[in-house]
Amino acid sequence: ITVSQEMVAELTSPPHVPTPIGRRKAKKLIVNMEILEQEGELTSGVRYNYWTFGGSVPGSFIRARVGDEIEFTLSNHPDNKLPHNIDLHAVTGPGGGAESSFVAPGHEKTFSFKTLNPGLFVYHCATAPVGMHIANGMYGLILVEPEGGLEPVDKEYYVMQGDFYTKGKNGERGLQPFDMQKAVDENADYVVFNGSVDGLTGDNAITAKVGETVRLFVGNGGPNLVSSFHVIGEIFDKVYVEGGDLINENIQTTLIPAGGAAIVEFRVDVPGSLVLVDHSIFRAFNKGALGILNVEGEEDKKIYSGEIREGIYLPEGPGIQNMPTTDEVVESEIPAKSFEEQMKFGKQIYMQNCFACHQSEGQGIPNAFPPLANSDYLNADVDRAISAVVNGLSGEITVNGEKYNSVMTRQMISSEEVANVLTYVYNSWGNSKKVVTKEMVDKVKG
Ligand code: HEM
Ligand code: CU
């Protein structure tokens, strides 16, 4: 196949998918993907710091055809705190693109690949700690259509499952940090479709009309759990098993591995609310893995004569599919008037800027982020700690006998805020109770 023309890929946020490729020839396809770290709502009253491809969980849907040459540019927004990359399972090559796309905040990276195999593929971030980046929402789907395209259907939607691990238990309100230990134990607090408990219900429910054929592109980002994907009140006419060429017919529940996908198709014959679930059923009714497909149209008493109790499974309240943008971090120019205020302001800054890596109790993450709790490195030299925050820190260091050799980017916060956050750190978790002032920070800045 000769690749003659160039086009910019249409990217969509869930539950939408881009226009089918139809009969178009293979092309050079330009994909521009932006990474955004954004606070959003996991469920009513529960906030979460999502890391996203394109501002949504799952990330933007990419639609290509076999033989396309994809020129992929990954941009890491300057307001982000962490480096990221992308591993697309549609890539034939080392790391699925991960090494070539590793990108720091405020930078972008370009690489290209050719789509050799048709299918529905997962992509995800592969930056260490990999599980944490995936758990925070860094996954999505890329569809590679065969020559001539998939057969046209009436409705197509994008649905992706993911498991979430929060410090507080399910339903505990407020901004919930990621819990590494629960993730390692595969003990999910939330299992959801499209990034939140309300990601596919209420205003986010998907729709179809009686007589239409619906195609769902279903992915599973994991990071841990395998999905037993099922639609209550339907039978899949076709399942493209694991997103490949093999078509199975007349299926009730299809397995979708973590880091895998499936295409399911079914004609809707009667009106009502069909319920998408992970049939590991406590996940559906107790952890959020539940979505709604509202079907409108004429009843057909021959196919289904019973009472259709519409809305019985509908959870209350509107949800989100796009994460709302975080408010700008307001520079607190009002100086803290007391030690108590320094601690209060400092904790807020810590939760916004530091906890993603150093964790909520300053315990860090083994082999990745050093602890700030009881840290000999921290307590030995206050100017060095100030410098780590205002200038960043890289190269090998030893903290409490463990070696770290990584990069901490410089934190974009005011001198006042640096003083408050370090005062909070020094007066928490068994540290040496130093008080850091704005003057001390300004002296290190020079
Ligand atoms: C190291 C503080 C944000 C990643 C350090 C150290 C301090 C510190 C004092 C020295 C080692 C120690 O005492 O354990 C802070 C504060 C932050 C912050 C107060 C927020 C204002 C972050 C963020 C990241 C990060 C967001 C992740 C992108 C690291 C890494 C090191 C480190 C990787 C070790 C660097 C090396 O190996 O040379 N941090 N940090 N820090 N921090 Fe942070
Ligand atoms: Cu990442």
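Predicted model: local features only at pLDDT ≥ 70, side-chain atom pairs only at ≥ 80, totals over all residues.
Reader: Which protein atoms are the donors of the copper ion (ligand 2)?
Author: Along the chain, the donors of the copper ion (ligand 2) follow the spacing H-x40-C-x7-H-x4-M. The donors lie 2.0 to 2.5 Å from the copper ion, and they are His84 (ND1), Cys125 (SG), His133 (ND1) and Met138 (SD).

Reader: What arrangement do the six donor atoms around the iron atom of ligand 1 make?
Author: From the protein, His358 (NE2) and Met408 (SD) coordinate the iron atom of ligand 1 at 2.1 Å. Ideal angles for six octahedral donors are 90 or 180 degrees. The six donor atoms around this iron atom subtend angles of 86 to 179 degrees, and the arrangement is therefore octahedral.

Reader: How many residues apart in sequence are the parts that His358 and Met408 tie together?
Author: The iron atom of ligand 1 is coordinated by both His358 and Met408. Because His358 lies in helix α6 and Met408 in strand β23, the pair ties together parts whose separation in sequence is 50 residues.

Reader: Is Met408 buried or partly exposed?
Author: A residue counts as buried under 20% relative accessible area and as exposed over 50%, with partly exposed in between. His358 has a relative accessible area of 11% and is therefore buried. Met408 has a relative accessible area of 24%, so the class that applies to Met408 is partly exposed.

Reader: Between which domains does the second largest pocket lie?
Author: This pocket holds about 850 Å³ of space, and its lining has 40 residues, of which His358, Phe369, Pro370, Val407 and Met408 lie nearest its centre. Among the elements that give two or more residues to the lining are α6 (355-358), β23 (402-408) and α9 (415-426). By class, the lining has 27 nonpolar, twelve polar and one charged residues. Residues of the lining come from both of the domains in question, so the pocket lies between domain 1 (6-147) and domain 3 (339-445).

Reader: Which element gives the most to the lining of the largest cavity?
Author: The largest cavity has about 70 Å³ of space, and its lining includes Tyr48, Trp51, Phe355 and Gln359. The elements that give two or more residues to this lining are β3 (46-53) and α6. Its lining residues divide into seven nonpolar, four polar and no charged. With three residues, the element that gives the most is β3.

Reader: How far apart in space are Glu108 and Leu74, C-alpha to C-alpha?
Author: Glu108 is placed in strand β7 (residues 107-114), and with a relative accessible area of 55% it is exposed. Glu108 and Leu74 are 34 residues apart in sequence, and their separation in space, C-alpha to C-alpha, is 5.4 Å.

Reader: How far apart in space are Asn85 and Leu293, C-alpha to C-alpha?
Author: Asn85 has its place in the loop between β5 (69-76) and β6 (87-88), and its relative accessible area of 4% makes it buried. Asn85 and Leu293 are 208 residues apart in sequence, while in space, C-alpha to C-alpha, they are separated by 33 Å.

Note on methods:
Residues numbered from 1 in each chain as written. Chains lettered and ligands numbered in written order. Heavy atoms only, no water. Donors = N, O, S within 2.8 Å, 3.2 Å for Na, K, Ca; no water. 1 Å grid on protein atoms, 1.4 Å probe; cavity = no way out; pocket = protein on both sides within 12 Å on 5 of 7 lines; lining within 4 Å. Points joined across faces, edges and corners; volume = space filled by probe spheres on them. Helix = DSSP H or I, 4+ residues; strand = E, 2+ residues; numbered from the N terminus. Nonpolar A, V, L, I, M, F, W, Y, C, P; charged D, E, K, R; others polar. Domains from an automatic or database assignment. Tetrahedral: all angles 85-135°; square planar, octahedral: opposite > 155°, others 65-115°. Buried < 20%, exposed > 50% of the residue type's maximum accessible area, 1.4 Å probe, protein only.
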